[in-house]
Amino acid sequence: MRGRVLVGRSPSSDLRLEVSGVSNEHAVIQWTGAEWVIRDLGSRNGTRVNGKLLIRSSLRLALGDEITFGDPRERWEWVDGAAPVPVAVRADGAVLEGTAGMLLLPDEHTPLAAVFARSRTWQLEMAGLAREVADQEWVQIGNERFQLRLPTLDPLAERTQTILPDRLIVQARLRFKVSLDEEHVQVTLESHGASREISQRAFHYMLLVLGRQRAEDARRGIPEADSGWMYVDELARKLGIEMNALNVHVHRARRVAGAPRENQGSELWFNDAHELIQRREGQIRLGISDIIVEGPAPLTR
């Protein structure tokens, strides 16, 4: 869901209800940064939450609340209090919604840029460089322009998110199993006593190269803050790929690592999946320090 949903009969409504008891702009449901609030916009027949009439007033929504907009026979139930996702509207009006805490642009198939929340700000990372972006800002990604629709960020927002706030990817373990010819790399994330194998992807070998670099630096006693960093052009050469392809690998790896677990609804496994790969000017590293490599030249930490 987006951060603001207009309910009414107007064609511009996000939730359009074509019944006589609903006003053109009847009510709005909005994310405050910590919770969802419904506000009646002075509708002719009012908005009710659990039977309580709202007229030009607001009320915090809780799971299971029953909502009616004008017509008492048409009832809606509030079933998801998760924080809204970042959204981009392309110049032609097409809407792209983020998943797993990230918005990939121009699309998830060939991502050239990613939008994610870090330190209570929204960040746009493209070509290895990150900068702060704001709600309603227009950005140019390749040959396309997008307007960003970014929810309010607030330190209290975690209490209504379905993300587990204490499960951080930087505190996870990454286990690699490598075949003798290194043609096959199995990658498993382990956290809080649970494990999750990441299905075979083109970015697996990139993670392995970065994991070996970080484990080797740790073995040599290099401080953690300086451990594991590689120059991006060196990494691209090792992988035999162009820089654009490397950036696509990075975005896809983060996206997969943060995706909801199977049979767990919208619950994400980590709320900082973008930290799987960390970047600074001209350099890149694996954000996880707890690494096990099983196979040729195994290294552990």
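Which residues lie nearest the centre of the second largest pocket? Select G3, R4, D135, Q136 and R149, which are among the 14 residues lining it. A pocket here is an open set of points on a 1 Å grid over the protein atoms alone, where a 1.4 Å probe fits, with protein on both sides within 12 Å along at least five of seven lines; lining residues have an atom within 4 Å of a point. Its volume is about 290 Å³, taken as the space filled by probe spheres set on the points, which are joined across faces, edges and corners.

Before going on: this is a predicted model, with local features needing pLDDT of at least 70 and side-chain atom pairs counted only at pLDDT 80 or more, while totals for chains, interfaces and linings use all residues. Residues are numbered from 1 along each chain as its sequence is written, and side-chain values use heavy atoms, leaving out hydrogens and water.

**The core**

Next, pick F176, M206 and L207. They have the most contacts inside the largest nonpolar core, which has 33 residues. Such a core is a set of buried Ala, Val, Leu, Ile, Met, Phe, Trp, Tyr and Cys residues joined through side-chain atoms within 4.5 Å; buried means under 20% relative accessible area, exposed over 50%, and partly exposed in between, with a 1.4 Å probe and protein chains only. Elements giving two or more residues to this core include α1 (204–219), α2 (232–239) and α3 (243–258). Helices (H or I, at least four residues) and strands (E, at least two) are DSSP runs, numbered from the N terminus.

Stay on M206: beyond residues up to four places away in sequence, M206 touches L235, L239, L246, H249, V250, A253 and I277, contact being heavy atoms within 4.5 Å.

**Along α2**

Now colour V232, L235, A236 and L239, the buried residues of α2. They sit on the same side of α2 because they cover an arc of only 100° around the axis, judged by the directions from the helix axis to the C-beta atoms. Their cover includes α1, β21 (230–231), α3, β22 (277–280) and β23.

**Side stops**

- R280 is in strand β22 and is partly exposed, at 35% relative accessibility. Its contacts, leaving aside neighbours within four places in sequence, are A225, D226 and W229.
- A127, in the loop between β14 (121–126) and β15 (129–133), has a positive phi of about 55° although it is not a glycine. A127 is exposed, at 57%.
- From L105 to P106 the peptide bond is cis, with omega near 5°.
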